[in-house]
Amino acid sequence: MIMKTIQLQSTADVVNNAKKAGMMVPAFNVPYLPMVEPVIRAVVDQDSFALIETARLEWIKFEARSPAAVMEEFMKWNEPDYVRIHLDHVPVIDEDNQRVGFLSIIKEAIELGYQSVMVDGSRLSLEENIEATRQVVEMAHQAGVPCEAELGAVLGHEAGPPLPYEELFESGLGFTDAKEAVRFVRETDCDWLSVAIGNIHGAVSGALKDKKKVEARLNLDHLERLCQATGIPLVLHGGSGVKREYLLAAIKKGIAKVNIGTEIRQAYESALRESASVAAAQDAVYERTCWLIRDYFGLAGTRELVTGQPEI
Ligand SMILES: [Zn+2]
C-alpha cells in the first residue's frame, strides 16, 4: 500500500508562489469575531486561498478582544488547505502616539500558533525601525514563522481631519524610499514588506470610520522600483478603496499580499445596524467576501496555483 503524505506549503511558500504567478494572497481583517466564519466559508466556496488577520487596534478599538480570542474562533472554522492566520499591525508606536510592548504581544501570538506576524515600526526613525524589526524577525524565524514589516507611512489610522489625498499623492509624502528599502530588507531579513505608494488605511476613529474611503491611486512606477530594489513580496495595506485598475496592475508588478479591512468591516456593521441580527451581518460579510474574491480580484478557483500540488 502506498502511503500518501500531503505536505502543506508554509505561508511563506504560498505568498512566494503568488508573487511568481503575478497573483496575491488576500488578507482579511476580522475586527468582530463573528466575521471569521463567513470569511473562511467564502474563501473555501470560491476555492481560493487567504489569510485571516487581526491587528492590535482591532482588539483595542473594535471587538476582536485579543489574539487568543481570534485564534480560538479561527480554530473552530479552520480549513488549513484554504486559510492561515496572520497577526497584522503590532505597532511599536501606535496611532495615538503611545509606545506598545510589541515584543511580548508578538511572542504571545507566535506561541498561540499564529502562522505569520507583522511588526509596524513605521512611526520610528529608519534606524529604530530596523532595530525593532530585526528583533521580531529573529524571534519569528526561530519559530519558523515569516515576518512582515512596514517602511514608509501608510496613513489613515490616526485621529484628526482626513488628509488632502491628492496633495499627498502628488508630493509622494511618506512613500517608501527605494534606497531605504534596500537597506531595511538587508539589515532586518524581513520576509514581506508593507509599502506606501499612495495607499491609505481606512479611518478607524469617531464618525470617520463609517465614511466611504477616498478613492486612492497607486504610483506604479514607484512600486516597480521598490520591487526591483527589495526582491521580496510586497504588501499593500488599505486595499479597500484603491481604484481597481491600479490594484490589479500593482498585483502584476509584485504586490503579493493585499490587506482588506474597511470593505468587509463596513458590510458587517451596516447589516448589523439595519437588522440587529449577527446572522444577517455574517451573511453580508460572506457575500462581500465572495464578491471581492470572485468579481473584484478574479481569484476564484486559484487555490491550487498558489498552494501548489500536494507532495505525494
Ligand atoms: Zn495596515
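Me: Which protein atoms are the donors of the zinc ion?

Reply: Donors are N, O and S atoms within 2.8 Å of the metal (3.2 Å for Na, K and Ca); water is not among the atoms, so sites may look incomplete. Here the protein donors are His89 (NE2), His201 (NE2) and His237 (ND1), at 1.9 to 2.1 Å from the zinc ion. Their spacing in sequence is H-x111-H-x35-H. His201 belongs to the loop between strand 6 (192-195) and helix 9 (220-230), and His237 to the loop between strand 7 (234-236) and helix 10 (244-252), so this pair ties together parts that are 36 residues apart in sequence. Helices (H or I, at least four residues) and strands (E, at least two) are DSSP runs, numbered from the N terminus. The model is predicted: local features need pLDDT of at least 70 and side-chain atom pairs pLDDT 80 or more, whereas totals for chains, interfaces and linings use all residues. Residues are numbered from 1 along each chain as its sequence is written, and side-chain values use heavy atoms, with hydrogens and water left out.

Me: Are His201 and His237 buried or exposed?

Reply: Buried means under 20% relative accessible area, exposed over 50%, and partly exposed in between (1.4 Å probe, protein chains only). His201 counts as buried because its relative accessibility is 8%. His237 is buried too, with a relative accessible area of 1%.

Me: How many strands form the barrel, and in what order do they run?

Reply: Strands of a sheet pair through backbone hydrogen bonds, either parallel or antiparallel. Two strands count as paired if DSSP finds at least two bridges between them. In this model, 8 strands form a closed barrel in the order 1-2-3-4-5-6-7-8, with parallel pairing. Neighbouring strands of this sheet are turned by 30 degrees against each other on average, direction ignored. Axes are lines fitted to C-alpha atoms, for helices over the stretch in contact, and angles run from 0 to 180 degrees between N-to-C directions.

Me: Which strands are joined to strand 1?

Reply: Strand 1 is joined to strand 8 (residues 255-260) by 4 bridges and to strand 2 (residues 50-54) by 3 bridges. Ala27 stands opposite Asn259 in strand 8 and opposite Leu51 in strand 2.

Me: Which residues of strand 1 lie on each side?

Reply: In a regular strand the side chains alternate between the two faces of the sheet. Val25, Ala27 and Asn29 are on one side of strand 1, with Pro26 and Phe28 on the other, and all are buried. Since 5 of the 5 residues of strand 1 (residues 25-29) are buried, this strand is largely enclosed by the rest of the structure.

Me: What unit do strand 1, helix 2 and strand 2 make?

Reply: A crossover is right-handed if, with the strands pointing away from the viewer, the path from the first strand over the helix to the second runs clockwise. Strand 1, helix 2 (residues 36-45) and strand 2 make a right-handed β-α-β unit. Helix 2 is mostly covered, with 7 of its 10 residues buried. Contact means heavy atoms within 4.5 Å. The buried residues of helix 2 pack against several elements, including strand 1, strand 2 and helix 4 (67-77).
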